[in-house]
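Here's a quick briefing to read with the model open in your viewer.

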Amino acid sequence: MRIVSLSDYLLLRVNRAASGQGSARIPRAPINRQIYQLIREAILAQTLPAGLQLPSSRDLAGELGMSRNTVTYAYEQLLAEGYLESRAGAGTFVADTAPDQIPETVERNAPLTDPSGKSELSARGAMLTRQAGVSDKQWGAFMPGIPDVTQFPSKVWSRLQNKHWRRSQAEMLTYGPGAGYGPLREAIAEYLRISRSVNCNASQVLITTGIHQSLDTVVKLLGEHGDSAWIEDPCYWGTRSVLNSLGIQSVPIPVDQEGMRMRLANLRRPPRFICTTPSHQYPLGMVMSLSRRRMLLEYAAAHKVWIIEDDYDSEFRYGGRPLASLQGMDTHNRVLYMGTFSKIMFPGLRVGFLVVPEALASAFGTGMAELYRSGQVFLQATLADFMAEGHFSSHIRKMRVLYAERLRLLQQAIHRNFGEQMHITGGEAGLHLTVSLPPECNDKLVCEDARREGIIVRPLSTYYMSPKTARSGLLLGYASVPDEAIGPAFDKLAQVIRKHVS
């Protein structure tokens, strides 16, 4: 329906009350802005058709009982945006803003009917979201991989942060160097040399936002679409997601008590990458044996394969001496070493690191700057001071004692409820352990029922590439659960498990 009288149309819809709430379509706003919005909306709905001459600003202002400046503002804004056009000596007209006709030969896509947008995803996007492992809840018993953030020395952190705010310099607030803040890279290199026997200097260390970006960077700079990567089976879901999103074929390699167990068929077809967690296999928790480490390194050197070592929580070890990093044993520069501060400090920090062979360091720094436009220099400077002043090492020592006690309490609760019936793996290090369930038990249903009881656990079967090889079990994170809550929380979980295994 076309507008007969523009003034009547506007008078019915303009909200003059300063404290009014406006109409559903035109929220409370200054009168000149409301007039602009109402005329614009009428043009887009073709209620004001193209070519229609509008009253002069003087005449419309008189009919509305408003100042001419109010109407002039609206007209000028609409002229500037192309909704109106002014013809010399003739007046102001509605411009023809209709889109060009699409040729009949062009196939029209069906309208989006799925409100979730899933039907519009690419094949890669659909696969990524379908296989997503991320949880919508990140805190509570027994969410794996989450440290106790309540124990973080926030006062110390605030003091260091405030120091940098007071000294705030331009270079702290702009884009950072691609490889990251220099003093932080030096602090990380020193820490890794001492604690993990990593052979590196500061130039080889690149600051990332965590394991996902580190892996993304390595694959983008060293891989091609269609390359293959050996991954542990089971493995961290994020590794699979990143590789799949970049067009890398994941080849599952089963693990046993010594880590990755390569078969002859695998060895005959060298991959581009080998992704491994040798110091604490995720999610089962075993440590890769020295013989397997040496075999991997020799194989990688012989076939020009890149080994991507994920050392995600090596700081927390409660029994036995850990082996040195795989990178520390590498004499052929085939290992890229990844780590993160998410497990040591707090996940929201989103700071990780990547150590690359010295020959690749410059190219990787340039690549990161080009891909990600590095920043967070202010945050990285605070973290550098946190490490340099000894707070980082002190926090690790404190949390190692705390987590060891929580691990003991969880193991005690498991034995109290199930005795020797439930097999436990991964209880020597990290922030979680894994318990097995009978093969006929659906661990996904256990997790769903536990969630309804307020308990968060992750199903082990989802960490496997294929349902045919998947084992049933549960991942239990204990780091973020207060000591006194561990026993009662597991007792509640035990009741859920019994309903599924009896």
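F316 and Y403 are both buried in this predicted model. Their rings form an edge-to-face aromatic pair, with 5.2 Å from centre to centre and 75° between the planes. F316 is in the loop between strand 9 (306-310) and helix 13 (326-329), while Y403 belongs to helix 16 (residues 391-418), so the pair ties together parts that sit 87 residues apart in sequence.

**More on the aromatic pairs**

- Overall, the structure has 18 aromatic pairs.
- One of them is W157 with F346: the ring centres are 6.3 Å apart and the planes meet at 90°, so this pair counts as edge-to-face.
- That pair also links distant parts of the chain, 189 residues apart: W157 is in helix 6 (residues 154-166), and F346 is in the loop between strand 10 (335-340) and strand 11 (352-355).
- Are the two partners buried or exposed? W157 has a relative accessible area of 7%, and because the cut-off for buried is under 20%, W157 is buried.
- Elsewhere, ring pairs join Y191, Y337, F341, F353 and F392 into a cluster.

**Charges over rings**

- R87 has its charged end over the ring of F93, at 3.9 Å from the ring centre.
- R498 does likewise with F418: its charged end sits over that ring, 5.1 Å from the centre.

- As background, most peptide bonds are trans, and most residues other than glycine have a negative phi.
- P234 is in the loop between strand 5 (228-233) and helix 10 (237-245).
- Another cis bond goes from Y282 to P283, where omega is near 15°.
- P283 has its place in the loop between strand 8 (273-276) and helix 12 (290-303).
- Q46 isn't a glycine, yet its phi is positive, near 60°.
- You'll find Q46 in the loop between helix 2 (31-44) and strand 1 (53-54).
- The relative accessible area of Q46 is 57%, so Q46 is exposed, the cut-off being over 50%.
- R350 is another non-glycine residue with a positive phi, about 50°.
- R350 is in the loop between strand 10 and strand 11, and that loop also holds F346.
- With 36% relative accessibility, R350 counts as partly exposed.

- What order do the strands take? Three strands make an open sheet in the order 1-3-2, with antiparallel pairing.
- In general, strands of a sheet pair through backbone hydrogen bonds.
- Strand 1 and strand 2 (84-87) are at the edges with a single partner strand each, so one side of each has no neighbour in the sheet.
- Two bridges pair strand 1 with strand 3 (residues 91-94) in the antiparallel sense.
- L54 has T92 in strand 3 as its bridge partner.
- Helix 4 (residues 68-80) lies across strand 1 and strand 2, and runs at about 100° to strand 2.

Key: Residues numbered from 1 in each chain as written. Predicted model: local features only at pLDDT ≥ 70, side-chain atom pairs only at ≥ 80, totals over all residues. Heavy atoms only, no water. Phe/Tyr/Trp six-rings, centres within 6.5 Å; stacked < 30°, edge-to-face > 60°. Helix = DSSP H or I, 4+ residues; strand = E, 2+ residues; numbered from the N terminus. Buried < 20%, exposed > 50% of the residue type's maximum accessible area, 1.4 Å probe, protein only. Lys NZ or Arg CZ within 6 Å of the ring centre and 35° of its normal. Pairing = 2+ DSSP bridges. Contact = heavy atoms within 4.5 Å. Axes fitted to C-alpha atoms, helices over the stretch in contact; angles between N-to-C directions.
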